[in-house]
Every structure is written in C-alpha cells, then in structure tokens.
Amino acid sequence: MHLDRLMSLLEIVAVAGRPVSVAEVQKATNLPKPTCYRLIQSLLEQRLLDQPGEAGKYVVGERMIRIALLGKSDVDVRKCAAPLLKAATAQFNETVFLSRFRDSKVEIIHVATPNDPARAFIHPGLGVRPMHACSCSKAIAAFAEPEFQDSIVSCSMKQYTEHTKTTESELRAEFAQIVARGFADCDQEIDLGIASVAAPITIGNIGATFSVGAVGPIRRFGKEYRNEIGEKLIDLAGKISGAIQLCNVAEV
C-alpha cells in the first residue's frame, strides 16, 4: 500500500509537467494532508522529487529522470530529437548530429543531412568518438566530473592529424574554454579538411548526457562560422533537452 501511494504521487507530479503543490496532490489522491507531506518527504530524500525553487511545489526529481533516461533506447531518444535536428539541418544547410554519453564513451546516434542536392556535406558516421579529439565528445567531457576528466587526460591520446591535441595541458585549457563559451569545436583534429562544432545537452540535474553538433568541410567551417553555429547549437541543445525530458516524464 505504501509503495502504491508513492507511485501514485509520482505519477501525478509527472503527468502535471509543472511544479505541483501539496494541496494539488492531496486533491488528486484524496489522501490526508499529513500523509501527503510524509510521502513527498520520502520521495525528496530519495531524489525522486525535487523542489525547483518555488516554495511548497515539486517536480520529478533528478534520480527519477536518470532512471527513465537509462531505460530509454537510442530509438526513443531519436524520436524525441529528430524533428528538431531536421529543422536545424534546414536552417544551417549543414549536417547536424546527436551524440550520447554512456559507459564512459560518447557515440553519435543520429545524423541529419541537408536536402539541398547542390550542397556538398560531410556525414560523420555513427558510433564511438575519441574523447579528446571530437567536438561532440569534448562538449560533454568539459562539463563532466573532475575524476572523469582526469581519466581522459591521463590516458594515451592518439594523434590523428597534426591538429590533434595530445597533451594534458592543451586539453584542460580547451575544457576551460568550452565551459566559458558553452560549446566545443574540432578543427581538423580527426580528419584533415573536416571541422565540427557541438554543444552539450544537459538533462535535468544530471549533467551533460548528450550533445548536438554540426559538421562540414573546413572551407566553410572556419573559426568565425563555427562560433556562429556554436551559439545556435546552444539554443538547439536546450530545445532537445526539453523534448527528451518531456518524453521521459510522459513515460514515467
């Protein structure tokens, strides 16, 4: 019975899709007010509910979001993000891609390419990317815990081209720059003639779990152009985060 009540309360908050008060929970459940407070306190202690800043109001918590996200397949994530990626591809007229962080690796899981038949574009491929040399990986790593960053810089870093950063000092300096401006870039660090830029996608309070990027030939993707697209990707990352969290809440 206690578990049933906890789950019912979680469902009410999740379906609301906004901060919910104790009075609203009580009205929806018909439970006594002290019982509602007690259940909410239990959920807060387990981080299944959070208080977003509004006094006496609650939302689905970090831990609940993490649980839902861990169970979400790449197919589910792509369904949430694909319309936004397609729209961005049309806006930029460049390849846009979505990457995911799991098992200490970053993988590209979805790619959207321009429809313009006269436009030369780059397809980055799918799968795991190096943590030290790809914009999609660096965008996530820069916002990761210090211990994870230490594991990256302490490993042997492969030099793919003369532009690849392979020293701890170079990579730590780049991480700091990424945090300051909000996006990462890759200037021919994996393949000559190819550059990319990516912004982290933060889900709730659990950090940068995804990133969204754009890639193209260096003749178009100069520094100024990468900065321009990087700013737009920051905005796109926020929209994708919202779409993924909405899907999570709907399925909780």
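Helix α2 (residues 22-29) and α3 pack with their axes 10 Å apart, at an angle of about 115 degrees. Axes here are lines fitted to C-alpha atoms, for helices over the stretch in contact, and angles run from 0 to 180 degrees between N-to-C directions. Helices (H or I, at least four residues) and strands (E, at least two) are DSSP runs, numbered from the N terminus.

The model is predicted: local features need pLDDT of at least 70, side-chain atom pairs count only at pLDDT 80 or more, and totals for chains, interfaces and linings use all residues. Residues are numbered from 1 along each chain as its sequence is written, and side-chain values use heavy atoms, with hydrogens and water left out.

**Exercise 1. Describe how α2 meets α3.**

Step 1: start with the angle. Angles under 35 degrees count as roughly parallel, over 145 as roughly antiparallel, 65 to 115 as roughly perpendicular and the rest as oblique. α2 and α3 are therefore roughly perpendicular to each other.

Step 2: The crossing of α2 and α3 is right-handed. A crossing is right-handed if the near helix is turned clockwise from the far one by less than a right angle, and left-handed if anticlockwise.

Step 3: find the residues, taking contact as heavy atoms within 4.5 Å. From α2 come Val22, Val25, Gln26 and Thr29, and they meet Lys33, Cys36, Tyr37 and Ile40 of α3.

Step 4: sort them by class. The contact of α2 with α3 has 5 nonpolar, 2 polar and 1 charged residues. Here Ala, Val, Leu, Ile, Met, Phe, Trp, Tyr, Cys and Pro count as nonpolar, Asp, Glu, Lys and Arg as charged, and the others, Gly among them, as polar.

**Exercise 2. Work out how α1 sits against α3.**

Step 1: the axes of α1 (residues 2-16) and α3 (residues 33-45) come within 10 Å, crossing at roughly 80 degrees. That makes α1 roughly perpendicular to α3.

Step 2: on the α1 side, the contact uses His2, Arg5, Leu6, Leu9 and Leu10, while α3 supplies Thr35, Cys36, Leu39, Ile40, Ser42 and Leu43. By class, this contact of α1 with α3 has 7 nonpolar, 3 polar and 1 charged residues.

**Exercise 3. How many disulfides does the structure have, and where does Cys155 stand?**

Step 1: a disulfide is a pair of cysteine sulfur atoms within 2.5 Å. Searching the whole structure finds 0 disulfides.

Step 2: the cysteine sulfur closest to that of Cys155 is in Cys134, 17 Å away, too far for a bond.

Step 3: compare accessibility, where buried means under 20% relative accessible area, exposed over 50% and partly exposed in between (1.4 Å probe, protein chains only). Cys36 counts as buried at 0%, and Cys155 as partly exposed at 47%.
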